[in-house]
Amino acid sequence: MDSATSETHTASETRTPLGASADNGLKIVVVGGFGAGKTTMVRSVSEIRPLNTEETMTQAGEDVDDTRGVRGKTATTVAFDFGRITLDAHNVLYLFGAPGQERFWFLWDRLFSGTLGAVVLVDTRRIDDSWYAIDRLEKHGTPFIVACNDFGGPAFPPEQVREALDLDPHVPLVGCDARSRESSKLVLITLVEHIQALYADPARAPRQELV
Amino acid sequence: MSRPGRDDAPDRLYTLTQGRSSSGPDNPFDLVTLVVAECDPVPGMQSEHAAILRLTERPTAVVEIAAELKLPVSITRILLSDLLAAGRVSARHPRRAAVPDPDILEQVLVGLRNL
Ligand SMILES: Nc1nc2c(ncn2[C@@H]2O[C@H](COP(=O)(O)OP(=O)(O)OP(=O)(O)O)[C@@H](O)[C@H]2O)c(=O)[nH]1
Ligand SMILES: [Mg+2]
């Protein structure tokens, strides 16, 4: 990631522009605790080297549902990275690696607006790092799945992870290796299938368990 | 890791946007709105505006413009509003609906499976 952003000239010269007919940007957010593998996953599936940018909040009361985190006009700045996947001639999917920390809640609101759904990356050695992310997603009603990143530690049985996360039974739980393009791709496919199932019949909670 | 805008003195950002510090909720640009230049840069144009016009010869998302210009997204949105108001760029906003269009979801799945 360092090289992706420190060599701006190179990055600009080798920019891969979108096709002229691209007209629909879509968003998926990858969230999770520090070092859970968010940037790695974005990099694995992105057609561009992950880029980094930041959002600044400079004013209080800017369409937020909770202003406790904003004191007066203090500027708060949050960096996030993103990658891109061209899906077809019209649709382009942007994948955001979003900081999962509590003090960034306002950025989440912004990123989640209009987001198709989210992947919660969990490092099973630090499961409680993901509680906050799951909380926010449930509050937002943002569809999400949980992906346990394999860091080579002891494998926890899925039921145990579900219990530790207090996960709704219909939320898919998958294992993954964020360093693998194929594995990360499968995570995204699982998420979109889950979203499809949710919207196809909101009354029926999808039963499928994927681990 | 480079933090776009971080090295810039706040007054430079202030100048860039003529003092407007927030893009506000009525700013139409989403992070993934695709922006397309409608004209070439002209001499004397604010350099950031010219840079945006060069970047957007092909459709380019707001976040990509921000990352390339190393400017915060909020500042980029303001610059884009100016260009849009002047008719120098057009904006292809994401199709938003209360629930995602099933056809779009299917297209996303097909696209992902074909990766
Ligand atoms: N073994 C293993 N290592 C991984 C995996 N995913 C990421 N890593 C490594 O874990 C470290 C952290 O990954 P990042 O992708 O930077 O994590 P992040 O969530 O973006 O971290 P922050 O942005 O700092 O919160 C890196 O050294 C990765 O190479 C994985 O699936 N398996
Ligand atoms: Mg990261």
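A:F82 has a relative accessibility of 0%, so the residue counts as buried, the limit being under 20%. Keep in mind that this is a predicted model. Over all chains, the structure holds 3 aromatic pairs. One of them is formed by A:F82 and A:Y94, with 6.4 Å from centre to centre and 55 degrees between the planes, and it is classed as tilted. Ring pairs join A:F80, A:F82, A:Y94 and A:F96 into a cluster.

Next, a contact between the chains. Helix α7 of chain A, residues 181–200, packs against helix α5 of chain B, residues 102–113, at an angle of about 160 degrees, with the axes 10 Å apart. Angles over 145 degrees count as roughly antiparallel, so that is the label for α7(A) and α5(B). The crossing of α7(A) past α5(B) is left-handed.

Staying with chain B, consider helix α3, residues 62–69. Of its 8 residues, 8 are buried, so the helix is largely enclosed by the rest of the structure. Among the buried residues are B:V62, B:I65 and B:L69, and also B:E64 and B:E68.

Last, the backbone. Most residues other than glycine have a negative phi. Just after α3(B), B:K70 takes a positive phi of about 55 degrees. B:K70 lies in the loop between α3 and α4 of chain B, where α4 covers 73–85. Its relative accessible area is 25%, so B:K70 is partly exposed.

In chain A, A:D166 is not a glycine either, and has a positive phi of about 55 degrees. The residue is found in the loop between α6 (158–165) and β7 (173–176) of chain A. Is A:D166 buried or exposed? With a relative accessible area of 64%, A:D166 is exposed, because the cut-off is over 50%.

Technical notes: Residues are numbered from 1 along each chain as its sequence is written. Chains are lettered from A and ligands numbered from 1 in the order in which they are written. This is a predicted model: local features need pLDDT of at least 70, side-chain atom pairs count only at pLDDT 80 or more; totals for chains, interfaces and linings use all residues. Side-chain values use heavy atoms; hydrogens and water are left out. Rings of Phe, Tyr and Trp (its six-membered ring) pair if their centres lie within 6.5 Å; planes under 30 degrees apart count as stacked, over 60 as edge-to-face and the rest as tilted. Buried means under 20% relative accessible area, exposed over 50%, partly exposed in between (1.4 Å probe, protein chains only). Helices (H or I, at least four residues) and strands (E, at least two) are DSSP runs, numbered from the N terminus. Axes are lines fitted to C-alpha atoms, for helices over the stretch in contact, and angles run from 0 to 180 degrees between N-to-C directions. Angles under 35 degrees count as roughly parallel, over 145 as roughly antiparallel, 65 to 115 as roughly perpendicular and the rest as oblique. A crossing is left-handed if the near helix is turned anticlockwise from the far one by less than a right angle, and right-handed if clockwise.
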